[in-house]
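Here is a short tour of a ligand site and a few backbone details. Please have a look at the model first, and then read on.

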Amino acid sequence: MAGDSPRFEDRPPAKVNLTLEVVGRRPDGFHELRSIFLRIGLTDRLTMTPATGDRDQLTVSGLAGAPTKGNLVLSALAALRSYAGVDFPPLDVNLEKRIPVAAGLGGGSSDAAAALRLAQAAWGVRLAPDEEVDLASSLGSDVPFFYSGMAASLVGGRGDVVSWLPVMRLEDLGIILVTPSYRLSTAKVFARYDEVATATMTASLMNEELTGLFSGEPPVHDLVGIASRLRDANDLWSAAESLAPSLAVLRDDLESGTGQPWLMSGSGPTLFALYASAAEAADAGKALVASGPPSLENALINAVDLAGPDPAWRYP
Ligand code: C5P
């Protein structure tokens with residue numbers, strides 16, 4: 001009976017980057033990073049059950065843009081089989097996308113990390129701790145952060161060195177996220193960075209300041225209070241803006257509409273602002289929608305706290 005099949009479920013979360021410093025180019029072609037990652041309360045839904053057919057079957061629903069063929073969730077299953085050298089039985093996988101795709105929020109990487117966990121549970125296997133990071137980073141640079149399960153981290157290397165940061169006093173923090181309708185490819189943004197970037201010290205200085213602040217377990221107002229300096233602490237901004245010039249127009253509109261600094265997450269194009277609560281973030285979102293600047297057309301807006309699993313408010 002289908003109802004008796006075991007079912008494995010997770011809610012893979014999104015992240016924002018409070019800082020993103022590109023330290024340099026590595027011999028392997030990737031970039032050495034130092035970035036502060038913060039898990040946020042906007043999640044996809046991932047479920048796995050034993051397959052009814054003879055191969056893994058992925059069904060994707062929800063927001064557009066996530067591939068079925070070549071999805072990192074399927075890559076995670078294949079990677080686990082090949083790592084273990086065991087032909088584990090096929091799984092039926094359902095992925096409901098609520099995290100905007102190719103938006104700088106890490107959704108695909110988070111889905112892959114959750115798939116690694118769920119498949120281990122479904123197959124009754126457990127990777128050794130020293131194997132986990134290798135397997136996670138083979139799937140993508142952001143996967144080790146999500147696989148670690150940490151709420152906030154200072155992330156180094158190409159994304160594979162993950163150090164814990166405390167968020168105990170940040171539980172009230174609210175974040176409003178605006179994701180324009182166009183996507184940005186991470187690979188293209190890094191490639192453009194190599195062409196256009198001029199070194200600035202801001203991301204590096206803010207990494208120092210913020211890791212210091214985190215070591216004292218900052219309350220919400222300390223983080224909100226330095227947002228105007230975090231605004232320019234993403235080294236990928238100039239590259240993202242040069243690939244998508246309307247991003248600068250959007251940021252101007254958001255800043256004049258809210259009176260707050262707006263940061264870019266990852267390689268963009270999602271922009272976000274920090275508030276003292278999710279309710280305040282939601283109010284800011286409602287006011288933006290009411291004022292309706294053309295740059296907001298077709299954008300997705302989510303007001304979240306850090307816990308989720310659902311946003312406090314979303315538009316549309
Ligand atoms: O690892 P992931 O597949 O998410 O990265 C996508 C692309 O972004 C890489 O192929 C690479 O071009 C670029 N990247 C990079 N340095 C990083 C992470 C990503 O150059 N640390």
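The residues of the shell around the ligand comprise 4 nonpolar, 5 polar and 1 charged; here Ala, Val, Leu, Ile, Met, Phe, Trp, Tyr, Cys and Pro count as nonpolar, Asp, Glu, Lys and Arg as charged, and the others, Gly among them, as polar. This is a predicted model, in which local features need pLDDT of at least 70 and side-chain atom pairs count only at pLDDT 80 or more, while totals for chains, interfaces and linings use all residues. Residues are numbered from 1 along each chain as its sequence is written, and side-chain values use heavy atoms, with hydrogens and water left out.

Who makes up this shell? Gly-29, Phe-30, His-31, Leu-33, Gly-140, Ser-141, Arg-158, Thr-186, Ala-187 and Phe-190 surround the ligand, each with a heavy atom within 4 Å of it. Domain 1 (2–164) and domain 2 (174–315) each supply at least three residues of the shell; the domain bounds come from an automatic or database domain assignment.

| Residue | Protein atom | Ligand atom | Distance |
|---|---|---|---|
| His-31 | side-chain N or O | oxygen | 2.6 Å |
| Ser-141 | polar side-chain atom | oxygen | 2.6 Å |
| Arg-158 | polar backbone atom | nitrogen | 3.1 Å |

The protein covers 72% of the 450 Å² of accessible area that the ligand has on its own, by the Shrake-Rupley method with a 1.4 Å probe. Strand 3 (31–43) and helix 5 (186–196) are the elements that give two or more residues to the shell, and helix 5 gives the most, with 3 residues. Helices (H or I, at least four residues) and strands (E, at least two) are DSSP runs, numbered from the N terminus.

Now for the backbone. Most residues other than glycine have a negative phi, and most peptide bonds are trans. Ala-102, in the loop between strand 6 (91–97) and helix 2 (107–123), has a positive phi near 50°. A cis peptide bond links Gly-268 to Pro-269, with omega about 5°; Pro-269 belongs to the loop between strand 10 (263–264) and strand 11 (271–275). The bond from Tyr-315 to Pro-316 is also cis, with omega near 0°, and Pro-316 falls in the segment after strand 13 (313–315).

Conventions. A polar contact is a pair of N or O atoms within 3.5 Å; within protein, one must be able to donate a hydrogen and the other to accept it, and residues adjacent in sequence count only if both atoms are side-chain atoms.
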